[in-house]
Amino acid sequence: MCITAGIDVGSGAVKCVVMKCPENGAPELMAAHSSRIRRREVANVVDEAWTAAVSAAGVDEVAYVATTGEGEDIPFATGHFYGMTTHARGALHLDPSARAVLDVGALHSRAVAMDEHGKVLGYKMTSQCASGSGQFLENIARYLGVSQSEVGSLSLAATDPENVSSICAVLAETDVINMVSRGINTPDILRGIHESMAGRFARLLRSLDVRGTVFVSGGLASDVGLMAALEDSLAKSARGGAVPTVATHDQAIHAGAIGAAIWGAFRYRKLGKGEAAWKSTMEV
Amino acid sequence: MRCVIGIDLGSTTTKAVILDEDGAIIGRGITNSRSNYELASAVARSEAFADARFRLVAREVRGELDQALLGRLERAFRLEQTLGQLGRLHELIEEEIERRQYGELGPTVREAVGSIVKAIELEERAHFGSENPPLRSSFFRDAVGSAYNRYAEEISDPKGVTFDLLLGLYDKCIIRVENEPMDLGFQELIDNALDRIENPTLMVDAVRAAASTELDEACMVGTGYGRATLPFPKEAIRSEILCHGLGAHAMFPGTRTVLDIGGQDTKAIQVDDSGIVTSFQMNDRCAAGCGRYLGYIADEMNMGLHELGPMAEKSTRCVKINSTCTVFAGAELRERLSLGERREDILAGLHRAIILRAMSLLARSGGIDDEFTFTGGVANNEAAVHALRDLVDENYGQKTLNISPDSIYTGALGGALFAHRLAS
Amino acid sequence: MAETSAAKDRSMILQKQMIANHYRQLENAPETGDPVVYTFVPGNMNELVRSFGALPVLPEINALQSGMRQKSGDYIAEAERAGHSEDVCTYVKCDIGMIKAGNISPTGTRLPKPDLLLLSYTGCYTFMKWFELLREEYDCPTVFFHVPYQGDGTIEAEHRDYMMRQLREEVIPALEKATGRRYDEDRLREYLTLSAQAEDDLVAVLQSAKNRPSPIDAYFGAVYYVGPIFSSFRGTPEGVEYYRALREEVEARVAAGQGPMTPVGQLDDEKYRLVVEGPPNWTSFREFWSMFASEGANVVASTYTKVGGTYDFGFRHDPEDPLGTLADYCGGCYTNINLPGRVDMLVDYIREYEADGFVINSVKSCNSFSAGQLMMLREVEKRAGVPGAFIESDLVDPRYFSAANIKNRLESYLQMIDARRMGASA
């Protein structure tokens with residue numbers, strides 16, 4: 001039996017998981033915790049997420065601590081893995097039919113195409129522009145005076161979505177402010193934003209020539225409005241060809257951390273079992 | 001007393017200015033615009049009227065000692081306002097805790113929130129109790145939000161009531177606090193404030209006199225981004241370009257050139273000797289180099305907007321930023337950081353980039369004439385002012401640069417002056 | 001009510017029929033064997049093309065029509081996907097996108113391939129690149145007709161000779177080869193005679209804006225009026241008929257003291273008389289026009305309505321000098337006039353049409369127009385003594401039309417005129 005942990009440090013939140021990775025058989029998630037950074041010192045947030053996850057899992061020893069994202073400098077980590085490989089592996093764990101991951105982060109989004117073993121076949125990021133990011137949507141929600149949890153259902157209630165610029169976050173924000181000053185209702189604005197984001201994502205996925213299931217990871221996977229818009233957008237951009245299925249999972253936000261933990265177990269075995277990376281008796 | 005009002009519905013904040021019959025300012029109010037312009041203008045208006053009452057109280061008291069007392073009364077009044085909103089926030093969070101059914105964790109959550117609110121309350125009392133409270137954002141969300149964040153971080157327990165949980169409650173409820181107009185009117189708040197300073201006779205009389213003065217609103221003029229949605233007749237709506245020109249002229253009568261950097265637009269305006277606009281230029285559809293640019297940079301750096309200027313001022317070597325595009329500047333920022341440049345120096349470069357863009361608009365509008373007045377929210381950012389001063393000197397030689405501490409009210413003041421003309 | 005509007009609309013009905021007919025002819029060209037010549041609007045030589053029995057296709061017209069029909073955004077995206085940069089002229093990208101999407105005309109008919117690309121170079125460098133791309137696409141012959149820029153403000157005698165020599169030695173032989181027909185100068189003269197008739201009527205229509213109120217909007221309204229003469233119908237009997245009808249309608253409006261029809265109704269109360277410089281935005285054309293009309297602003301003269309050729313200073317096509325007159329026409333179109341010449345034109349218009357001010361619509365796509373516009377703004381303000389406004393948009397890229405921004409600038413500008421009027425009267 002091998003217990004490993006994955007820590008995914010993003011620009012908005014730190015995600016931490018503890019997993020059971022048996023030699024033969026499927027890895028199993030024991031505990032997961034995510035903490036938003038919100039202007040705190042990242043190191044403190046890492047400690048918080050780590051403590052919460054380890055105590056929820058009730059383990060005293062972790063064989064391998066794998067980091068991903070911007071977590072390379074965590075002092076008690078054993079090894080670091082690139083985001084595209086961890087998200088691919090994590091998505092496959094959460095949904096074996098996944099052949100692509102769309103990771104919607106706080107500042108950037110990226111798409112990864114992979115095979116059935118989680119091998120990365122292609123990779124694209126929304127370069128420069130933040131208009132397809134979580135932070136952008138959060139800003140808009142705050143401006144519209146709605147909480148993030150309401151965004152999805154409001155968007156689904158739209159009847160006449162407004163067109164939002166898809167080339168630039170700043171222009172999109174200006175568009176939204178202009179819409180408000182024109183008296184457009186909140187659902188139609190939110191749906192417009194979802195459609196604009198989804199359009200970007202669909203182009204991203206199309207450029208990777210994705211077939212099969214697209215797994216959405218990251219915090220926005222729980223935004224039902226965005227998911228619906230993405231499905232529509234993929235159907236539209238397929239132009240009569242096969243439409244990829246969109247899937248997600250309750251633990252989608254932890255996909256990167258899960259993938260890291262699984263890769264950690266793999267590397268741990270390959271290197272020959274050594275000292276446990278972490279023990280509850282240690283000071284971290 | 002007859003008065004007139006100017007309302008400036010900006011993309012970020014909404015401002016109101018009240019003038020008396022002689023065209024003198026008697027009240028100002030400001031609030032976040034959010035998505036509800038009608039509400040925003042109602043809140044800014046009621047703030048301005050409360051402020052006006054204070055001005056009337058001030059007219060009743062003259063001596064130096066009385067001035068100190070007046071200062072205490074005003075701070076007590078602000079404290080009443082803040083505590084009122086804090087109480088409402090607490091109430092809403094309690095309801096939300098009930099609704100979310102935390103089960104066993106419920107009492108602990110309630111207790112945690114209670115202790116945060118208590119700590120904030122103590123902080124607020126101390127803030128307004130001091131003779132010279134330090135300057136800070138006048139918005140409830142900003143003032144209370146950062147304190148809430150701080151205390152939540154302090155008391156959060158990764159195994160129990162987490163930071164995320166506490167902040168989630170705040171995020172949900174602060175929106176409603178902001179979207180509700182204040183329940184209590186001037187009268188109730190001032191009575192409580194008087195109690196707080198133990199009802200000195202002089203103040204009680206002055207307040208009574210001020211409260212009984214009828215403020216009769218003769219005319220209202222609206223301006224700004226959201227002006228089209230105001231329920232005003234067409235003749236009572238003015239473009240913010242004209243209002244900024246006239247407002248700047250009223251603040252600094254020698255003004256010939258005005259630069260206004262707002263949230264979504266930057267405007268370069270030329271005015272004649274009576275404040276009438278003779279020419280103007282504004283940014284095109286792209287808001288690069290406007291106030292929002294700094295907002296993005298703050299997000300990118302995980303900092304508060306108001307922290308950017310002071311940090312940039314610590315720069316010793318300004319980094320040249322190539323991009324004025326807000327989004328590309330974010331990318332350039334990350335690149336520079338990864339190259340090991342100091343944050344201070346990069347920020348100084350970003351401020352200079354904004355001003356460079358404004359300089360090109362100024363050149364397009366006809367250059368900079370003496371005197372030159374800088375208005376809008378960004379005029380409160382010392383690093384932006386610093387960069388502007390340098391670039392004006394380099395390009396146009398020594399010019400008088402006017403910046404009013406009330407520059408954010410320039411557009412509303414211009415609107416009020418138009419209202420004053422309409423009324424007379 | 002229905003009757004009067006039907007009577008008013010005769011010219012509009014004629015124009016609609018003409019266009020539909022032309023696109024139908026183009027669609028049938030592969031069967032009828034009519035040769036097809038692609039060429040550009042500024043300084044086009046429709047009479048010459050027609051005299052060879054060829055049908056003209058004008059890619060800019062297709063692009064602007066696509067813009068007005070809300071199709072340009074997708075076409076531009078298509079062209080950008082194919083690798084054309086965001087900074088390329090959006091007319092070009094719209095055209096390329098349209099070809100990639102099956103070359104369907106704005107009215108829904110199929111467009112034929114060109115037998116010849118007639119590239120008359122009139123102040124627009126992009127035209128060369130544009131036809132280079134089309135030549136790549138269609139693998140067809142191209143003939144280049146170089147029109148010297150009026151750098152010194154006039155067309156010199158040697159420029160004229162140079163252009164006539166090109167017509168004789170290059171353009172006509174290329175047309176002969178592409179159409180398989182001989183050059184017939186008498187036929188050309190017939191077309192030129194009809195051109196001059198239509199031109200007289202058009203000038204009368206445009207100059208009717210000197211009336212108060214003006215019976216026409218000389219920018220938004222007039223882009224419809226110049227459509228036939230700048231495209232495929234100059235020199236044709238349909239063209240003559242259209243302009244006669246239009247002139248009659250406009251003269252009737254003058255007699256009745258009526259203002260122009262606008263998207264917000266008839267504008268009799270002209271609060272502001274304006275001159276406009278630069279092409280309009282096509283994707284939000286009506287919205288843009290409404291912003292003017294709803295404020296009581298009417299355009300009494302514009303430079304864009306001279307983009308194909310300039311008639312109001314006396315030029316008419318002259319059947320007595322067929323090649324010379326074509327050279328003069330090409331040399332005189334607006335984008336071939338230098339900046340001092342454009343400033344003169346604007347100042348003259350402001351004075352002759354008694355305008356309260358002028359508006360420059362600076363389009364991102366087109367440097368033939370926008371280069372130097374800020375300089376022109378200051379110069380015209382100084383010489384004409386009226387304020388100018390500066391608005392930025394684009395030809396057919398919907399992403400560059402920001403309604404709030406444009407409305408803000410226009411309203412501010414009109415209020416600035418008000419404030420100056422009040423200041424002057426006080």
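Among contacts in chain C between residues at least 6 apart in sequence, what share joins residues at least 24 apart? The share is 77%, where a contact means heavy atoms within 4.5 Å. This is a predicted model, in which local features need pLDDT of at least 70, side-chain atom pairs count only at pLDDT 80 or more, and totals for chains, interfaces and linings use all residues. Residues are numbered from 1 along each chain as its sequence is written, chains are lettered from A in the order in which they are written, and side-chain values use heavy atoms, leaving out hydrogens and water.

**Overall fold of chain C**
- Chain C holds 17 helices and 10 strands, counted as DSSP runs (helices H or I, at least four residues; strands E, at least two) numbered from the N terminus.
- Its radius of gyration, taken over C-alpha atoms, is 21 Å, close to the 22 Å that the globule rule gives for 426 residues, so chain C is as compact as a globular protein of that length. That rule is 2.2 Å times the number of residues to the power 0.38.
- Along its principal axes, the C-alpha trace of chain C spans about 70 × 50 × 50 Å.

**Burial**
- Of the 426 residues of chain C, 60% are buried, meaning under 20% relative accessible area with a 1.4 Å probe, protein chains only.

**A look at helix H9**
- Helix H9 of chain C (residues 185-207) has 23 residues.
- Its buried residues include C:Leu188, C:Tyr191, C:Leu192 and C:Ser195.
- Among the elements covering the buried residues of H9(C) are helices H3 (46-51) and H11 (237-256) of chain C.

Technical notes
Buried means under 20% relative accessible area, exposed over 50%, partly exposed in between (1.4 Å probe, protein chains only). The expected span of a helix is 1.5 Å times one less than its number of residues.
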